[in-house]
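Please open the structure in a viewer and follow the stops below in order. Each stop names a selection and then describes what is found there.

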Amino acid sequence: MRKTLFTASVLAVALAAPFAQAHQAGDVILRAGAITVDPREDSGEVSAGATTFDGSQATLDSDTQLGLNFAYMVTDNVGIELLAATPFSHDVGVKGVAQGIDGKLGSLKHLPPTLSIVYYPLDKSSSFQPYVGAGINYTWFFDTKLSSSADQVFDGFDVQDSWGVAAQVGMDYMLTDSIMLNAQVRYIDIDTTGTTYLGDSKVKVDIDVDPMVYMVGLGYKF
Ligand code: NI
């Protein structure tokens, strides 16, 4: 009798004892970290009115900001995730247009919120949780400015917002029941058109920004 009671209480304690549980249905996960947007831009040629500058192109540099993920586990293996960040800022350049115009055209800021469905193939008892995801992105461009030299030649600078698809791979590693390490890589299809004016003629360039987005940080599971 005593022995049975003892066994039963050991079992009860063992069952109640916490062990590093990874994600399960109903969990809310918040991740924060350094996020880099590295444009792999493929630019069309710059045109002004009916003239196209052969071999010309627009360029973008990369930027790192604070990235945030808000995720909700719909089942033990499937979650929905929103990517947010502090605004990215990129310099825009042009090459191959004309001497005195080539160089820094200006700068822009953008926010690329991305909503994804994420799949975690491993069992919830695994503290290592790799995942894949696919989603939809909206990139909002704002605060577009001509550089001081370009401002003497051109008038106005506008960059069109973009809708596109996104794909990602990542991994969480549970350090405790609620704290995790996270690393992720994402591709976002961002295609846009930049416009400015040279006198009366509209200067235009199509840019497939198509960045790789890298984030490394910590997550917390509620
Ligand atoms: Ni594209």
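## Salt bridges

Select Asp-38 and Arg-40: their side chains meet in a salt bridge, 2.7 Å from N to O. A salt bridge here is a side-chain nitrogen of Lys or Arg within 4 Å of a carboxyl oxygen of Asp or Glu. Arg-40 counts as partly exposed, at 46% relative accessibility; buried means under 20% relative accessible area, exposed over 50%, and partly exposed in between (1.4 Å probe, protein chains only).

The model is predicted: local features need pLDDT of at least 70 and side-chain atom pairs count only at pLDDT 80 or more, while totals for chains, interfaces and linings use all residues. Residues are numbered from 1 along each chain as its sequence is written, and side-chain values use heavy atoms, with hydrogens and water left out.

Next, select Arg-31 and Glu-81, whose side chains form a salt bridge at 3.5 Å, N to O. This pair joins distant parts of the chain, with Arg-31 in strand S1 (residues 28-38) and Glu-81 in strand S7 (residues 78-85), 50 residues apart. Strands (E, at least two residues) are DSSP runs, numbered from the N terminus. Both Arg-31 and Glu-81 are buried. The whole structure holds nine salt bridges.

Move to Asp-143 in strand S11 (residues 128-146). Most residues other than glycine have a negative phi. Asp-143 is not a glycine, yet has a positive phi of about 55°. Its side chain meets that of Lys-145 in a salt bridge (3.9 Å, N to O).

Asp-210 lies in the loop between S16 and S17, is buried at 14% relative accessible area, and has a positive phi of about 30°.

## The nonpolar core

Finally, select Ile-35, Val-94, Leu-105 and Phe-154, which have the most contacts inside the largest nonpolar core, of 30 residues. Such a core is a set of buried Ala, Val, Leu, Ile, Met, Phe, Trp, Tyr and Cys residues joined through side-chain atoms within 4.5 Å.

Conventions:
Helices (H or I, at least four residues) and strands (E, at least two) are DSSP runs, numbered from the N terminus.
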